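Here's a quick tour for anyone meeting this structure for the first time. Have a look at the sequence and the model, then read on.

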Amino acid sequence: MSGLGKILRQPWLWAWLGALAVWLATAVFTGGKGSAEVLSAALTFGAFYVIVALGQMFVITLGPGNVDLSIPACMTLAGTVAMKAMDGAAGAIPLGLALALAVGLFVGTANYALIRLLSIPPIIATLSSSFIFQSAAIWWNRGLRIKPPVALGDFTTARIAGVPVIALVVIAMAVVMHVVLTRTVYGQSVTAIGQNRRAAHLAGIAVERTRAATYIMCATLAGLCGYLLAAFSGGAALNMGQEFLLSSIAVVVIGGTSVAGGFANVPGLWGAALFLFLLVTMLNTFGAGAGVRLVLTGLIIIGVIVAASGGRRRT
Amino acid sequence: MKGALFSPRLLRGLLPPLSLAALLIAIFWLQPRTMSYFGLNLLLNLAVPIALATIAQMFILCVNELDLSIGAFVSLVACITATWLHDTPLLGVLALAGLVVAYGAIGALIHVRQLPSIVVTLGLSFVWLGLAVLVLPTPGGSAPAYIRALMTLKTPLVPFPIIASIALAGIVHVALMRSAWGAILRGAGGNAEALARAGWSILRIKFTMFALAGFFGVLSGMALVGLTTSADANIALRYTLLSIAGVILGGGEFVGGRVSPIGAVIGAVTLALAASFLSFLRLNPDWQIGAQGAILIIVLALRVLISQIERHR
């Protein structure tokens, strides 16, 4: 009994139940046809959501006002720079990866510098910097769509026994991040700062160093996601990061991480990412047009947040 | 004596108008032909809907929330204006009034459930965009004649956009900054608890502020259609960022209910002019968005500098 109660109180449970319900609804509608393919696609697209959400989760956990709005711009810039540098050559794959990560590193450092030097809320700092990075991506891209190296494209679409390789990689990343969050000084510092920054500071936690590391990590993960997504979709597009602004935040919040900070969990990210993708798939299967799909996606996200906030208040 | 001349408080207040003046002088210098009735009209036309959206955002920021859906909302209003309001005026008016009430209700919901406004409004941006696509699936529609006539009004001596901006700043300033009613509304951003203890309903204040934001968002969308004569679902998406940037440029703060309507309008006009300035500079159009970001960062940096002077005194 207490075991069941413990499971019911897990913050990630609802995201996973939601994903399961939406998937079953789709499967019932299609009579089970193509359900495995849907799941496989969900794992692939979910992986991209989870990469950026891992970073966003640490940022949001730092406390109220901490959100990284530069993720889309960072992804686009990293993808653009990497694709242009590789120019489709297989030998340049590591170079492209290094460049994408370097772009992320740079974006994160610049974001933190703005937050610290101008002492402005992270929202406005990452918002202003994202304008500049988006422009840089437009300027660097020049409307060209350079194809990724074939080997890299193949890697992002490869499957082992029907399971996308990229999903396996990101699951491994999530496990590592779970350990980082729950078992390392850094992860505990992030949580402590989110719960009470002043108390964390008085307890001897290096608040500013932790914040710097978090923003840099978040942007670096965005850079990695931009690199992989550009490879997956056959080149970097200027709007490729657009939908990740909402989804990075939505995945974190639906996954059961407290938007007020100080409380995070990794398993919920995967549940929420699958939920979001399967939701859109379900609406597509039901034959909903673009307008209806957008309205319902928005309403469901708001509904989940309303429900989640109610649950947290009662405890 | 010297302290009175260069008081940091005065400096901070002067920062927005000085930035605008500097930008205007630079534009006149680069392109003297803009220094005429028609030049200014062309230059400032599109500043009117941006200023209205910025005022809308200011009401939200004033109660310590943030609206990431205002751009999609203005797009939706533009779509309704160009279709329903043009074809079946009664339905159009009802829909727009409904939207204002919906905005207020969202403010109430955010307050009652203590929701993060960033996430709620991000979700809402999808709802507004989806509704806009449903109302107007392909770009088109046409502006009602009276809105078109108002937005292209040829006022004597001073171009209409300037009169409209000054009137907007003046009216909102008097209502929000100079009235007892406005002081209470702003108080919800400053110290909600004190206000609640004094017997005011924070719920009603949040509803009012969000409804006001919705009202000015509606005006923004109508003004925009009056200028462009047709609409599409993505017409004003960039207004979200422009409006936040405009409020901040105008001296608004993120918390504490410290906002300035006059500053917000000046900030919006500055951002609208920045685009023209860059094109006169023959700067690569790729860098237009980036330059707006850079201007924002520079103004924020100047503000930090002023605060530091303040601290040294």
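Where the two chains meet, the contact takes 37 residues from chain A and 35 residues from chain B; residues are in contact if their C-beta atoms, placed from the backbone, lie within 7 Å. Bear in mind that this is a predicted model, in which local features need pLDDT of at least 70 and side-chain atom pairs count only at pLDDT 80 or more, while totals for chains, interfaces and linings use all residues. Residues are numbered from 1 along each chain as its sequence is written, with chains lettered from A and ligands numbered from 1 in the order in which they are written.

**The chain A side of the contact**

- On the side of chain A that touches chain B, the elements giving two or more residues are α6 (122–141), α12 (244–254) and α14 (290–314) of chain A. Helices here are DSSP runs of H or I with at least four residues, numbered from the N terminus.
- α14(A) gives the most to that side, with 15 residues.
- By type, the chain A side splits into 26 nonpolar, 10 polar and 1 charged. Ala, Val, Leu, Ile, Met, Phe, Trp, Tyr, Cys and Pro count as nonpolar, Asp, Glu, Lys and Arg as charged, and the others, Gly among them, as polar.

**The nonpolar core**

- The largest nonpolar core has 219 residues, and A:V50, A:C74, A:L269 and A:A273 have the most contacts inside it. Such a core is a set of buried Ala, Val, Leu, Ile, Met, Phe, Trp, Tyr and Cys residues joined through C-beta atoms within 7 Å.
- Helix α3 (residues 35–61) of chain A gives the most to this core, with 16 residues.
- Leaving out residues up to four places away in sequence, A:A273 touches A:G46, A:Y49, A:V50, A:A53 and A:V251.

**Helix α4 of chain A**

- Helix α4 (residues 71–86) of chain A has 16 residues and runs 22 Å from first C-alpha to last, close to the 22 Å expected at 1.5 Å a residue. That expected span is 1.5 Å times one less than the number of residues.
- 14 of the 16 residues of α4(A) are buried (20 or more other C-beta atoms within 10 Å of a residue's own; 12 or fewer is exposed, in between is partly exposed).
- After α4(A) comes A:D87, with a positive phi near 50°.

**Positive phi in chain B**

- B:N64 isn't a glycine, yet its phi is positive at about 65°. B:N64 sits in the loop between α4 (47–62) and α5 (70–82) of chain B.
- B:T229, also not a glycine, has a positive phi near 65°, and lies in the loop between α13 (202–228) and α14 (239–249) of chain B.
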